[in-house]
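Keep the 3D view open as you read.

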Amino acid sequence: MPAPLRIILTEEEDRTLSELREAQTVPYRTRDRAHMLRLNAQGLNVPAIAEIFQCHQHTVRATLRRWESDGLGGLWEAPGRGAKPKWQPSDLDYLTACLDQESRTYNSAQLAQKLKQERLVDLSSDRLRRLLKKKISVETNPTQP
């Protein structure tokens, strides 16, 4: 059985975590982690907190350890989560510049091939078509998000 983990919060830390827990602009996982810390500081053990949040005990322990090592910054998701973008906005700017300069017309498959050959960016023709449509609609209607 692992050793019990207990954190001690100062009044300022407790107030900060309380405000963080109630903030609507903060991701829900971060708010849950702040609540886990407050519950642990109030005397609840790891299994009880895991039961409340319906998560594994390892998740609660990881949150407590991240608090001990990283402080408040340890509550947010680590960078590098999720898939990395395969293209940059400059790639789309390059394509639009090519379309403006050249007199011929391209279909999306030809544009995807051009992008792969000249910029080493591998996008499907469907994805490229959607990105260009979005770029054009944003340029023509700047109030659109």
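At what angle do helix 5 and helix 7 pack, and how far apart are their axes? This is a predicted model, and in it helix 5 (residues 89-101) and helix 7 (residues 125-140) pack at an angle of about 80 degrees. Their axes are 11 Å apart. Because an angle from 65 to 115 degrees counts as roughly perpendicular, helix 5 is roughly perpendicular to helix 7. To find the contact on your screen, pick out Leu92, Asp93, Leu95 and Thr96 on helix 5, then look across to Leu128, Leu131, Leu132 and Lys135 on helix 7. Sorted by class, this contact has 5 nonpolar residues, 1 polar and 2 charged.

Now turn to helix 3 (residues 46-53) and helix 4 (residues 57-70). Here the packing angle is about 110 degrees, and the axes lie 8 Å apart. That angle makes helix 3 roughly perpendicular to helix 4. The crossing of these two helices is right-handed. Helix 3 brings Val46, Pro47, Ile49 and Ala50 to the contact, while helix 4 brings Gln57, Val60, Arg61 and Leu64. Of these residues, 6 are nonpolar, 1 is polar and 1 is charged.

Helix 3 also meets helix 2. The axes of helix 2 and helix 3 come within 10 Å and cross at roughly 145 degrees, again in a right-handed crossing. On the helix 2 side, the contact uses Asp32, His35, Met36, Leu39 and Asn40; on the helix 3 side, Ile49, Ile52 and Phe53 take part. This contact holds 5 nonpolar, 2 polar and 1 charged residues.

Our last stop is the largest pocket. How much space lies in it? The answer is about 170 Å³. Its lining is made up of Tyr28, Arg29, Asp32, Arg33, Met36, Phe53, Cys55, Thr59, Ala62, Thr63 and Arg66. Which elements give two or more residues to this lining? They are helix 2 (28-41) and helix 4, and helix 2 gives the most, with 5 residues. By class, the lining divides into 5 nonpolar, 2 polar and 4 charged residues.

Notes. Residues are numbered from 1 along each chain as its sequence is written. This is a predicted model: local features need pLDDT of at least 70, side-chain atom pairs count only at pLDDT 80 or more; totals for chains, interfaces and linings use all residues. Side-chain values use heavy atoms; hydrogens and water are left out. Axes are lines fitted to C-alpha atoms, for helices over the stretch in contact, and angles run from 0 to 180 degrees between N-to-C directions. Helices (H or I, at least four residues) and strands (E, at least two) are DSSP runs, numbered from the N terminus. Angles under 35 degrees count as roughly parallel, over 145 as roughly antiparallel, 65 to 115 as roughly perpendicular and the rest as oblique. A crossing is left-handed if the near helix is turned anticlockwise from the far one by less than a right angle, and right-handed if clockwise. Contact means heavy atoms within 4.5 Å. Ala, Val, Leu, Ile, Met, Phe, Trp, Tyr, Cys and Pro count as nonpolar, Asp, Glu, Lys and Arg as charged, and the others, Gly among them, as polar. On a 1 Å grid over the protein atoms alone, a cavity is a set of points where a 1.4 Å probe fits but cannot get out, and a pocket is an open set with protein on both sides within 12 Å along at least five of seven lines; lining residues have an atom within 4 Å of a point. Grid points are joined across faces, edges and corners, and a volume is the space filled by probe spheres set on the points.
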